[in-house]
Amino acid sequence: MSAAADTAPVVSIVVPAHNEEAVIAGNLRQLLAGSAPGEFDVIVVANGCTDRTAAQARATGVRVIETPVPGKPHALRLGDQACRTFPRIYLDADVRTDAASVRALVAACARPGVLACAPVPTLDLTGVGRLVRRVHRVHERLVAPNRALAGVGAYVLTEAGHARVFPLPDVISDDGYVHASFTPDERVVVSEARTSVRPARTIRAYLNRRVRVRRGNQQLAALGKTWPEGPLTLAHLVAVVRGRDVSPLDAGCYLAVMVLDRGLTRLRGQRFAWGSDASSRLLGARGGH
């Protein structure tokens, strides 16, 4: 359904999109399916695109802003300025969710004391290699208890929560910045809301993502934005193995990749460049979206 009707929306949804032609239309249609006309105020910000992202998004009936300036924080700020209401959802263009999940997130924002919330992610492992599947399995077990607003492809801010983090600075990890801006009792994970996230399909793509995450965390630390849960340690890995959540082989694969991750981060240093992992879009280009 079109989100462009004149009725007052219950939520604004900002979707920053850089060269997401392969997946943007299908993801938006799933988001809008079952919604009432005008219920969701959806703004797609096509930033620095060289493909048909903007045209594909417009075909679904949502509002589209185009800017030649690449960069997710800039796109989030532009979309945020165009929002019509609160709460506001900031949704990655390559992530799928649906109307029922959006409504559950909106309802959670009405709870006393809640300033921010996020859905529960489900990894779509279609086409993911065996080795990287093991790495994803371990990573998910390690981060799931404390992930909350980061790494799920979407986060939601109430008006009070929005005032704390916007205008968003130019950071590599916008969701990490938002997560670190709230105490655990100010943010909630909404079990009734789900996102479908396509992780890196190859070790090379996974390492590229991990280097970006590590550089993002270093940047946040320099800004004084550290996670109250603290960093993951070897003790956490040992605990999930002992609890039989993952196998020793899974843990060994994960450790090996983490060693490579640290080495690449040091090697690249300040030469790290913004980028995105196109491998998770390939299935969409083949008809998955």
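A residue counts as buried when its relative accessible area is under 20%. H136 has 6% relative accessibility, so H136 is buried. This holds in a predicted model, and the values below are computed from that model.

H136 lies in helix α5. Beyond its neighbours within four places in sequence, H136 contacts L123, L125, V128, P199, A200 and Y206. Y206 belongs to helix α8, where Y206 is among the buried residues.

Helix α5 spans residues 130-143, and helix α8 spans residues 203-222. The two helices pack at an angle of about 35°. Their axes are 9 Å apart. Sorted by class, the contact of α5 with α8 has five nonpolar residues, two polar residues and one charged residue.

Helix α8 itself has 20 residues. From its first C-alpha to its last, α8 reaches 28 Å, close to the 28 Å expected at 1.5 Å a residue. The buried residues of α8 are A205, Y206, L207, R210, V211, R214, R215, G216 and L220. Three arginines, R210, R214 and R215, are in that list. G224 follows the helix, and its phi is positive, near 80°.

The strands come next. Strands of a sheet pair through backbone hydrogen bonds, either parallel or antiparallel. Here, seven strands form an open sheet with mixed pairing. Their order is β3-β2-β1-β4-β6-β5-β7. The edges are β3 (63-67) and β7 (187-197), each of which pairs on one side only. From one strand to the next, the twist averages 20°. Within the sheet, β4 (residues 88-91) and β6 (residues 154-157) pair in the antiparallel sense. Four bridges join these two strands. In one of them, Y90 has Y155 of β6 as its bridge partner.

L31 is a residue of α1, which covers residues 24-32. L31 has 2% relative accessibility and therefore counts as buried. Residues up to four places away in sequence aside, L31 touches I13, F40, V42, L91, T97, D98, A99 and V102. R103 is 72 residues from L31 along the chain, yet their C-alpha atoms are separated by 11 Å.

In soluble globular proteins, nonpolar side chains tend to be buried together. The largest nonpolar core in this model has 35 residues. I13, V42 and I89 have the most contacts inside that core. Two of these, I13 and V42, are also touched by L31. The elements that give two or more residues to the core are β1, α1, β2, α2 (53-58), β4, α4 (99-109), β6 and β7. Helix α4 gives the most, with seven residues. A second, separate core has 23 residues, including V45, L76, L149 and L220. Of these, L220 is a buried residue of α8.

Several backbone features remain. Most residues other than glycine have a negative phi, and most peptide bonds are trans. The peptide bond from F86 to P87 is cis, with omega near -5°. P87 sits in the loop between α3 (72-82) and β4. Another cis peptide bond joins F166 and P167, with omega about 5°. P167 is in the loop between α6 (159-165) and α7 (174-180).

Positive phi values are found at N19 and at R244, neither of them a glycine. The phi of N19 is near 50°. N19 lies in the loop between β1 and α1. With 30% relative accessibility, N19 counts as partly exposed. The phi of R244 is about 60°. R244 is placed in the loop between α9 (234-242) and α10 (248-268). R244 counts as exposed because its relative accessibility is 77%.

Note on methods
Residues numbered from 1 in each chain as written. Predicted model: local features only at pLDDT ≥ 70, side-chain atom pairs only at ≥ 80, totals over all residues. Heavy atoms only, no water. Buried < 20%, exposed > 50% of the residue type's maximum accessible area, 1.4 Å probe, protein only. Contact = heavy atoms within 4.5 Å. Axes fitted to C-alpha atoms, helices over the stretch in contact; angles between N-to-C directions. Nonpolar A, V, L, I, M, F, W, Y, C, P; charged D, E, K, R; others polar. Expected span 1.5 Å × (residues − 1). Pairing = 2+ DSSP bridges. Core = buried A, V, L, I, M, F, W, Y, C linked by side-chain atoms within 4.5 Å.
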